[in-house]
Amino acid sequence: MMRITCPICKKRTTLEENPWRPFCSKRCKLLDFGAWISGDYRIEGNEDEEEDERRDNEDI
Ligand SMILES: [Zn+2]
């Protein structure tokens, strides 16, 4: 088994039979995806984040 470390939570997982690789779970994959979209890890600024999302939707 090829062992890897989840880049989000640092939990040990395996590459084989892991649909969320290189992450350990769907949750970590989505967390990384969200951070990627916003350009940074901005989990602390909840109010700003909600505002940005609303503005994006209006533009589209
Ligand atoms: Zn993880």
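How many helices and strands does the secondary structure of the chain come to? In this predicted model, in which local features need pLDDT of at least 70, side-chain atom pairs count only at pLDDT 80 or more, and totals for chains, interfaces and linings use all residues, the secondary structure comprises 2 helices and 2 strands. Helices (H or I, at least four residues) and strands (E, at least two) are DSSP runs, numbered from the N terminus, and along the sequence they follow the pattern β-β-α-α. Residues are numbered from 1 along each chain as its sequence is written.

Of the 60 residues of the chain, 5% count as buried, where a residue is buried if 20 or more other C-beta atoms, placed from the backbone, lie within 10 Å of its own, exposed if 12 or fewer, and partly exposed in between.

The backbone was then examined in the loops. Most residues other than glycine have a negative phi, and most peptide bonds are trans. In the loop between β1 (3-5) and β2, Lys-10 has a positive phi of about 65° although it is not a glycine; Lys-10 counts as exposed because it has 9 C-beta neighbours inside 10 Å. Glu-17, which is located in the loop between β2 and α1, likewise is a residue other than glycine with a positive phi, near 55°, and with 7 other C-beta atoms within 10 Å Glu-17 is exposed. The loop between β2 (12-14) and α1 (26-38) also holds Pro-22, and the peptide bond that joins Arg-21 and Pro-22 is cis, with an omega of about 5°.
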